[in-house]
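Hello,

Here is the structure we talked about handing over. Please open it first, then read my notes below.

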Amino acid sequence: MRACAGLFVLMTLGAAPDLSAVERGQPAPAFEGALLSDGAPARLADLRGKVVYLDFWASWCGPCRQSLPWMEKVRGEFAPAGFEVFAVNVDEDPADGLRFLRRYPVSFPVLGDARGAIAALYDVQDMPSSYLIDRRGAVRHVHRGFNRDDAARLRARIAQLVAEQP
Amino acid sequence: MIARVLLLLAALLAAGCGAAPKAWERGALAAPEMAFEPDPLLSGYRDHVHLSKEQASGGGSAGGGGCGCAN
């Protein structure tokens with residue numbers, strides 16, 4: 001009886017929000033995955049020393065239709081100064097992500113995360129979500145959602161981080 | 001015994017409520033056919049037509065019109 005009651009409490013507790021989301025100031029959790037395009041391995045750690053814009057997106061996410069082309073533009077602008085976009089596609093069917101990329105082509109690496117393992121590691125709260133990581137590997141800004149006003153602010157933050165010397 | 005079974009059933013039921021889909025698991029929910037109003041413009045137009053035709057009965061709402069009739 002008591003065990004059952006305990007089980008009941010445990011199961012309802014599952015509804016409470018967990019507090020494991022990656023926040024500003026924390027080191028960006030390391031992960032590795034496979035590129036969506038060809039399955040080649042890629043690691044976040046390989047980009048250490050660069051400013052990284054880590055973005056979680058999906059083909060079904062409306063604002064991502066704006067954010068991906070914007071990311072491509074910003075990457076072209078800041079890449080020479082040591083900046084890279086690292087995108088994680090969370091589509092359950094990778095084909096959906098690939099179809100989206102044919103429509104909105106990008107030149108930065110896109111990982112496939114069909115099972116949501118990387119998204120769970122960061123405990124992503126919204127789609128899209130992005131994490132601005134400095135040259136030392138610390139999360140400096142967490143951004144949820146995306147609209148045109150965000151774009152200008154994010155660009156300013158990127159410019160600021162790129163200007164920082166390690 | 002019955003109480004135990006009932007409690008277990010309740011626990012199993014509650015288990016379904018425990019895990020809300022995470023932000024990255026909402027692909028199926030975001031599909032157009034899952035939308036409550038797939039086409040807000042069209043349904044707004046239909047509401048308008050319905051309202052203008054069924055004015056006496058209160059249009060699209062359940063409150064009823066001013067005439068006192070039930071439907």
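This is a predicted model: local features need pLDDT of at least 70, side-chain atom pairs count only at pLDDT 80 or more; totals for chains, interfaces and linings use all residues.

**What I found**

V52(A) has I133(A) in β6(A) as its bridge partner.

Is β6(A) enclosed or open? Five of its five residues are buried, so β6(A) is largely enclosed by the rest of the structure. In a regular strand, side chains alternate between the two faces of the sheet. Both faces of β6(A) are covered. S129(A), Y131(A) and I133(A) are buried on one side, S130(A) and L132(A) on the other.

Step back to the whole chain. Chain A has five helices and seven strands. Along the sequence the pattern is α-β-β-β-α-β-α-β-α-β-β-α. Of the 166 residues in chain A, 31% are buried.

The seven strands form an open sheet with mixed pairing, in the order β2-β1-β5-β4-β3-β6-β7 of chain A. β2 (41-43) and β7 of chain A are at the edges. Each has a single partner strand, so one side of each has no neighbour in the sheet. On average, neighbouring strands are turned by 30 degrees against each other, direction ignored. α2(A) packs on this sheet and touches β3 and β4 of chain A. Its direction makes about 165 degrees with that of β3(A).

Further along the sheet, β1 (residues 32-35) of chain A pairs with β5(A), antiparallel, over two bridges. A34(A) stands opposite G112(A) in β5(A).

Last, the core. The largest nonpolar core has 40 residues. Those with the most contacts inside it include F56(A), A58(A), Y131(A), I133(A) and W24(B). Which strand gives the largest share of this core? β3(A) does, with six residues. Elements that each supply at least two residues include α2 (64-78), β4 (83-89) and α5 (148-163) of chain A.

A58(A) also reaches chain B. Leaving out residues up to four places away in sequence, A58(A) touches W24(B) and G27(B), and C64(A), N89(A) and M127(A) are among its other contacts.

Best wishes

Conventions:
Residues are numbered from 1 along each chain as its sequence is written. Chains are lettered from A and ligands numbered from 1 in the order in which they are written. Helices (H or I, at least four residues) and strands (E, at least two) are DSSP runs, numbered from the N terminus. A residue is buried if 20 or more other C-beta atoms lie within 10 Å of its own, exposed if 12 or fewer, and partly exposed in between; C-beta atoms are placed from the backbone. A nonpolar core is a set of buried Ala, Val, Leu, Ile, Met, Phe, Trp, Tyr and Cys residues joined through C-beta atoms within 7 Å. Two residues are in contact if their C-beta atoms, placed from the backbone, lie within 7 Å. Two strands pair if DSSP finds at least two bridges between them. Axes are lines fitted to C-alpha atoms, for helices over the stretch in contact, and angles run from 0 to 180 degrees between N-to-C directions.
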